[in-house]
Amino acid sequence: MELTLWTYEGPPHVGAMRIATSMEGVHYVLHAPQGDTYADLLFTMIERRGLRPPVTYTTFQARDLGGDTAELVQRSIRQAVERFQPEALLVGESCTAELIQDQPGALAGGMNLGVPMVNLELPAYSKKENWGAAETFYQLVRTLLKAQLPAPGTPKPSPSRWRDEGRRPRVNLLGPSLLGFRCRDDVLEITRLLAEHGIDVAVVAPLGSRPADLERIPTADANVCLYPEVAGPVCSWLERSFGTPVVRTVPIGIGATAAFLRELHGVLDLALPADLQSLEGQPSEAERRSRLPWYSRSVDSTYLTGKRVFIFADATHAIAAARIASKELGFQVVGLGSYSREQAREVRAAAAELGLEALITDDYLVVEKAMGEAAAELVLGTQMERHSAKRLGLPCAVISAPLHVQDVPARYSPQMGWEGANVIFDSWVHPLMMGLEEHLIGMFRHDFEFVDGHRSHLGDGAPAAAGTGEPEAAGTAAAGPAADPVPAPGTTTAADAVREALESLWTADGEAELAKIPFFVRGKVRKNTEAFARERGLARIDAEALYDAKAHFSR
Amino acid sequence: MGVSAPPIQPSPPDILKESGQREVFCGLTSIVWLHRRMPDAFFLVVGSRTCAHLIQSAAGVMIFAEPRFGTAILGERDLAGLADANEELDRLVKDLLERRPEIRTLFLVGSCPSEVIKLDLAKAAERLNTQLLGRVRVLNYSGSGIETTFTQGEDNALLAMLPLLPSSDEEQLLIVGTLADAVEDRFRLIFERLGITTVRSLPPRRSTDLPPVGKGTRVLLAQPFLSATARALQHRGATLLSAPYPFGVEGSRDWMAAAATAFGVPTERFNAVLDPLVERGRRALEPHRQVLAGKRLFLLPDSQMEIPLARFLSRECGMELVEVGTPYLDRQLMAADLALLPPATQLSEGQDVDLQLERVRAARPDLVLCGLGLANPLEAEGIATKWSIELVFSPIHGCDQAGELAELFARPLRRRALLQLS
């Protein structure tokens, strides 16, 4: 038993839903109790999807447990196949159904459904979301490619066969899925990048693909494992069974994108363009295509030097971030970790290179503690770290799932490739600049312009004048009204007098009522109520007047 | 208008009963508002990773760095042996309470997996109570999806608190159901003006500040999903007042009228206090009524508040009801609201979501009340929606909030009228 307040990953069946929902023509029948349908909102709200996830839940209740839940499973499968006419069917169970052992997959197997069916066995009490996604993708591809499996002993296809066949080389992009971080834009960016190097994309999966597309996977010369969390197992299986080579460098950041292109050219036996060869003094493709290298060298970036950065994310994004932060932005990485236990080895290796010990955990409180102890100046993390960072008053950029609706931006904002590097420069450096503003606010907070309710974008957790050299400003702040700065001469105006007159109208119960209104609208309610009181010539503003005004302005 | 509550009419005719796929939350979701109501209580779900994921997804954003709820996630070892699971739970509770010494009441909340493996949380609570001896009270209830839908979790939580309520035959009005603190304060003030001075609440603001119950207790339900609690209070001698729920001006007035009648408040005094509130509430309502009047509304089953809301939206906002869905129908608790629905209103109980969505598409209503999983898909089909979950988090009770409540429904329509995107 393990105490969890917030989790980085959902249960494994949510991973399976990510695969089903990313694809078209796939339906997932999930044996699960009432309530498990909450998972739909991950897709309809966070991703703003305009379609319901293609999932039929059996939503059994206690009263069904006395009867025949197996019959309920079969009925749900039959109705789902009739209604949605899927090209492939996934059948599985959530944590509770696993306990009642109806074995929905086996039941479906005996039903003669006439569609390819994958029996998903995802152990809910030992595995998690990303594992579930990877396993589902692997099982689905395996099922659909069963008929095409080469006989044992068949020689591996040559990765340069494209030349013999008189066509351009082509690769698959494997791993992008819904609820992954910026997958939609990464696919577009990498597809463009490949096109510029004369390489076609055969299949992108699971995102946007159909079962028939998965059947075309073996037609590619190589597989690009874009997101190892989801595509790692399937890429390894394709390599073993079909002999298809795998490109494993994840092209996030300048160095990694160049390394990715070099690896890809090598695998496909393509001649390496001059600007991808690391030749001293020659302009590289990276310089030509991305602004990050110049922005990072430009003079105003000197203030980024040695900034202490704490990184915690899924393995792919954490490792990439560590490399970019240390090598491409000149930060100092003071903490590196991940919740992806499956890729812990790779994260540990990346941390060791930086002289750190990787933090592998799924307890966000441990992460928050480490963040504080590392005395970080910038946090790169998931939306959990965004909240922890806010509490600690630290600037933060989100670089990985789990995500919030605001991490699915309307604009094009990939992480991968040359444009991805531009996006990363902006989205990591801006919070730091906001952090600088924070210092300025700290320095100038005794100026009269700042005393009038200035609110930090970091909220109440913002550090008070930290590191600015301001002498002990924090000490006086707590001393109460006596320590209030003396207003500068000449600042008392007629407007102030009116303000004071209005403020004196408030009765104790009026103020008390006002205090109950959330702070972010309280100012507006106060103003409205005072305007109302002035208009009506009220002698006092009590709770009744407040509600009268509320009714008056209700529209 | 007199003080008396409206006469109860025979129940409406046809109810469509469906039992297919349900698109509703389970009772664990109610922890999201219960933990805010009682800041000295902690809700520990004993369940799976799915439970933890559900609560954090339903809570929407992770507002609190360290919330007053959590999940004890069962692992394979716990499933293998219940003895181990109990030891593990004791260890985990001890750790938790060491970290959160301010907690006074700990709710162990049962889930689907804990119920299926028959982990006896009542016994666990008893054991922990002995161990903790007076420092923290440990209670247990079920919020599982196999036993409860969405708001029923609160019903079970309150039911679990009932045995701790002291007995007293003192005359009092007991408001049952979570209200926003500001709304509750308003109600108390208005009851005071009516001369009803002893007003208490369940759940209380402090988990240890439990109201007494007995023959002098008159129960006014603030929420329509508290069937088991209402019945248990009656067994303790309390009288259940029948009234519409306090949504909208009319509902709120009738709700207060039920209390006024029970406490013998003179009609003149009642009218003197309520008439200005009613008049002001109607004024606040008016701009929204203009948006909503004549519009067709389809309510999908979710929070159990659908019937009283339908009553408010049809009678006070002039909306036309296409279908009023409810997860389950408690005729006694809904009697007053059902009686006020327009005759021949189509009610449905339970759900078969695919069939119900087909009816939505066929009817093309102007507005659909539904859960978060369905809202964007319906919007994408061109059908305006209102999220039902907002209604359990927003202060919507009472005459003073009638305008806000109507505004929640008018906003999607007003927004559609504002947007010019082509």
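Buried means under 20% relative accessible area. The views below are taken from a predicted model.

**View 1. Ser48(B) in the loop between β2 (41-47) and α2 (49-58) of chain B.**
At a relative accessible area of 1%, Ser48(B) is buried, because the limit for that class is under 20%. The side chain of Ser48(B) reaches the backbone nitrogen of Thr50(B) at 3.2 Å. With neighbours within four places in sequence left aside, the contacts of Ser48(B) in chain B are with Thr71(B), Ile73(B) and Pro113(B). From chain A, Cys95(A) and Tyr125(A) are also in contact with Ser48(B).

**View 2. The contact between chain A and chain B.**
Chain A brings 64 residues to the contact and chain B brings 77 residues. About 6,100 Å² is buried between the two chains, with 59% of it on carbon and sulfur atoms. Met1(A), Trp6(A) and Arg52(A) are the residues of chain A that lose the most area to chain B, and together they account for 16% of what that side buries. Between chain A and chain B there are 11 salt bridges and 25 residue pairs in polar contact, both residues being at pLDDT 80 or more. The side of chain A that touches chain B consists of 27 nonpolar, 18 polar and 19 charged residues.

**View 3. Salt bridges of Glu544(A) with Arg193(B) and Arg186(B).**
In the salt bridge between Arg193(B) and Glu544(A), the closest N and O atoms are 2.7 Å apart. This pair crosses between chains: Arg193(B) belongs to helix α8 (residues 181-194) of chain B, and Glu544(A) to helix α25 (residues 543-553) of chain A. Arg193(B) is partly exposed at 31% relative accessibility, and Glu544(A) is partly exposed at 21%. The side chain of Glu544(A) also meets that of Arg186(B) in a salt bridge, at 3.1 Å from N to O.

**View 4. The salt bridge between Arg205(B) and Glu184(B).**
The closest N and O atoms of Arg205(B) and Glu184(B) are 2.8 Å apart. Arg205(B) is partly exposed, at a relative accessible area of 32%, whereas Glu184(B) is buried at 2%. Both residues belong to one network of salt bridges that share partners, which also includes Glu513(A), Lys516(A), Arg37(B), Asp181(B), Asp185(B) and Arg188(B).

**View 5. The salt bridge between Glu239(A) and Arg248(A).**
The side chains of Glu239(A) and Arg248(A) meet at 3.6 Å, N to O. Glu239(A) has a relative accessible area of 30% and is partly exposed. Arg248(A) is also partly exposed, at 39%. A search of the whole structure gives 67 salt bridges over all chains.

**View 6. Trp428(A) in the largest nonpolar core.**
This core has 270 residues, and those with the most contacts inside it are Trp428(A), Ile311(A), Leu108(B) and Phe191(B). Helix α11 (residues 267-292) of chain B gives the most to the core, with eight residues. Another core, of 12 residues, lies apart from the largest one and includes Val29(A), Leu89(A), Leu107(A) and Met111(A).

Terms used:
Residues are numbered from 1 along each chain as its sequence is written. Chains are lettered from A and ligands numbered from 1 in the order in which they are written. This is a predicted model: local features need pLDDT of at least 70, side-chain atom pairs count only at pLDDT 80 or more; totals for chains, interfaces and linings use all residues. Side-chain values use heavy atoms; hydrogens and water are left out. A salt bridge is a side-chain nitrogen of Lys or Arg within 4 Å of a carboxyl oxygen of Asp or Glu. Buried means under 20% relative accessible area, exposed over 50%, partly exposed in between (1.4 Å probe, protein chains only). Helices (H or I, at least four residues) and strands (E, at least two) are DSSP runs, numbered from the N terminus. A nonpolar core is a set of buried Ala, Val, Leu, Ile, Met, Phe, Trp, Tyr and Cys residues joined through side-chain atoms within 4.5 Å. A polar contact is a pair of N or O atoms within 3.5 Å; within protein, one must be able to donate a hydrogen and the other to accept it, and residues adjacent in sequence count only if both atoms are side-chain atoms. Contact means heavy atoms within 4.5 Å. Buried area is the accessible area (1.4 Å probe) that two parts lose on being put together, summed over both. Ala, Val, Leu, Ile, Met, Phe, Trp, Tyr, Cys and Pro count as nonpolar, Asp, Glu, Lys and Arg as charged, and the others, Gly among them, as polar.
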